[in-house]
Amino acid sequence: MEHGQRMTDGRKRWLLLVGAAVWLGLPWLVFGNNYVLSTLILIGLYALVSTGMTLLMGYAGQISLGQAAFYGIGAYASAYLTAHAGWPSWLALAAGAVLAALVALVVGIPVFRLREHYLALATLGFGVIMFTFFKEWKEITGGLNGFFGIPPIRIAGVPLQSDLQFYYLVSLFVLAGLWFAHNIVRSRVGRALRAIHGSEVAASSLGVNIMKYKLQIFMLSAVYASIAGSLYAHYVTFINPDLFGIVPSIYFLIMVVIGGTASVWGGLIGAAVYVCLGEWLKAVVPLLLPNAGGEFEIVFFGLLLVVMLIYMPNGLTGVMQKRMRRFLEMGGRQEKQIAAVEGHKARSIGGERG
Amino acid sequence: MEAWSQFVQLLFSGLTVGSIYALVALGFVITYSVTGILNLAQGDFAMLGALFCITLVNNGVPFAAAIGLSMLAVMVVGGLFERLAIQPARRSPVAVLIIITIGASFVFRGIALLVWGTDPYALRPFTGHGALEVFGAVIQWQSVWAIVISLASFAALHLFFHRTYIGKAVAACVINPFAARLMGIDIRKMSLGAIAVSAGLGALAGIVIAPISGASYDMGMMIGLKAFIAAVVGGLTNAPAAIAGAFLVGLLESFAEGYLSSGYKEAISFGLLLLVLFFMPNGLFAKMTGKRV
């Protein structure tokens, strides 16, 4: 990685190496169990979306209640362009990402003039409108019946069909996404975003072009979501509009809140906790309440959301970051400088009050 | 003549839906005015009210008593929600409070799902299945009930805010919370009261609409969001304008469904929301414009 020279600290490098080894070796640990692999793939896809949202909510301090719309744009762009227009899957994925970025730009210009309640509402409205289009634009999306027969993704002509191959593909995207987010946070853009989060008025009076940075990060989060959507479409080969409505948008929000926005890892941690908890609830609750059907797990996620925001508003990364820093500080002197930079990281969702 | 009767039909269906949205939107306005919170769980109070009422009626409770009891029950739920979820997070940023209300909405939906399941329920109309015929259009008595009940509620609320001591205290909190506190008005109690009253209004809306469109655990979200559009279109702190906004949204939806396409009606009402937000972002009410530095 390019920022290697910053990591002169040995412990940090070891930690990353161990993490990478676990991630790459995980399929062998579970003996290629397909259920576990597909769960891991889902975590990876959600992690991409929520990493983008973490940047948007944690660093730019903007709330988005319609993120699943971008996930849907990527999924339908890939589905339509590969299945009906015969495009190569990578080109379709890129086209979906460009489309999502353009939609984010067009929507973002008026939306980010709003704040707080109105911003939340506008993104919600955007989500509902996009959902309606996924549902009603039947020539492209297949409507409520769904879109069938999405071809698999190909690398050098070889179709990726097994879960194991897809696991590595998705994990590469997640690593790239995390690395990119990490660099964004440490760049000039990241500093500007934290300034916006701290106080928009102060940032703009210091010459930070608030609108530009908010838009850029919104477009970036749209691209993350769109790529995840494209990969999802190729992975399951069947999509329908319900996957991209308001409730999925709220699920992405829940992941970001669980993970917290104190570091770029929040998205991955939130997605992992969300998916594992969801699978566990689906396995356990029907044993206790035999007639529980449908999306009953929303009770628990709703409670979790309320309790986390009241008692742990910084999410899991907020708690972990403190311990982590203590652990790393035993290792090197360099750490103080990095800690000084990271001490200014985003603290909670939403920014200033008032 | 055919076109005329269709127009009347759509007009009445728009007014019916509009009056439901108006009841819920009024709840939004009261909650927002007193607490500054945009309660996205508001629609779920309608769902809970409808389902409570149906259960009571099915168990032989007289209709009027069932309506009163279920409104009371939902008011208690609203009060608990305020004490357990809103009060502990009073000092959080606005975005956090919004997400908390979304979480609460999920909890209400999920509990309703566990208690009542996924099947929709029906409630019998307040007064028989008869219908009125106006210019060839068939108007259910329940639609008339919906419009009359919502208008009566607005009148009752108006009297409450202008003629009673508690109502005036709430109004004082809206106008100037700091001065109200100096006058010895307990703002925390007012916040509890505002959310409980909003919950009761929501429950009433759900009960009134249940005989027309049925009731199920997931009905709350759309009612809540539409009412929300109405409240925003009218201006979040202006009750009469919110009611007008609710009827506007109801009529717009009804005519869009009748003359254009049923599928896109949601896109149309949310498009209205975005237009209002974009072109009058701060002009909806003047207080928003002066941001402190």
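Helices here are DSSP runs of H or I with at least four residues, strands are runs of E with at least two, and both are numbered from the N terminus. A residue is called buried if 20 or more other C-beta atoms lie within 10 Å of its own, exposed if 12 or fewer, and partly exposed in between, with C-beta atoms placed from the backbone. Two residues are in contact if those backbone-placed C-beta atoms lie within 7 Å.

A word on the model before going further. This is a predicted model, in which local features need pLDDT of at least 70, side-chain atom pairs count only at pLDDT 80 or more, and totals for chains, interfaces and linings use all residues. Residues are numbered from 1 along each chain as its sequence is written, while chains are lettered from A and ligands numbered from 1 in the order in which they are written.

As a general point, an α-helix has 3.6 residues a turn, so residues three or four places apart point the same way. In chain A, 15 of the 16 residues of H3(A) are buried, so this helix is largely enclosed by the rest of the structure. The table sets out the spans of both helices; the expected span is 1.5 Å times one less than the number of residues.

| Helix | Residues | End-to-end C-alpha distance | Expected span |
|---|---|---|---|
| H3(B) | 63–86, 24 residues | 33 Å | 34 Å |

Chain A has 15 helices and 2 strands, and 49% of its 354 residues count as buried. Among its contacts between residues at least 6 apart in sequence, 78% join residues at least 24 apart.

Chain B has 11 helices and 2 strands, which run along the sequence as α-α-α-α-β-β-α-α-α-α-α-α-α. Of its 293 residues, 49% are buried. Contacts between residues 24 or more positions apart make up 74% of those in chain B with a separation of 6 or more. The C-alpha atoms of chain B fill a box of roughly 60 × 45 × 35 Å along the principal axes. Its radius of gyration is 19 Å, which agrees with the value near 19 Å for a compact globule of 293 residues. That radius is taken over C-alpha atoms, and the globule rule is 2.2 Å times the number of residues to the power 0.38.

**Where the chains meet**

**A helix pair in chain B**

The axes of helix H5 (residues 141–163) and helix H6 (residues 165–175) of chain B come within 5 Å and cross at roughly 80°. H5(B) and H6(B) are therefore roughly perpendicular to each other, a label given to angles of 65 to 115 degrees. Phe160(B), Phe161(B), His162(B) and Arg163(B) of H5(B) meet Gly167(B), Val170(B) and Ala171(B) of H6(B). Sorted by class, that contact has 4 nonpolar, 2 polar and 1 charged residues.

Thr51(A) is in helix H2 (residues 34–59) of chain A and counts as buried, with 31 C-beta neighbours inside 10 Å. Beyond its neighbours within four places in sequence, Thr51(A) has contacts including Gly177(A), Tyr224(A) and Leu268(A).

Phe108(B) lies in helix H4 (residues 94–116) of chain B and is buried, with 24 other C-beta atoms within 10 Å. Phe108(B) and Asp44(B) are 64 residues apart in sequence but 6.6 Å apart in space, C-alpha to C-alpha.

Thr237(A) sits in the loop between helix H10 (210–236) and H11 of chain A. Although not a glycine, Thr237(A) has a positive phi of about 60°. Thr237(A) is partly exposed, with 15 other C-beta atoms within 10 Å.

Notes
Axes fitted to C-alpha atoms, helices over the stretch in contact; angles between N-to-C directions. Parallel < 35°, antiparallel > 145°, perpendicular 65-115°, else oblique. Nonpolar A, V, L, I, M, F, W, Y, C, P; charged D, E, K, R; others polar.
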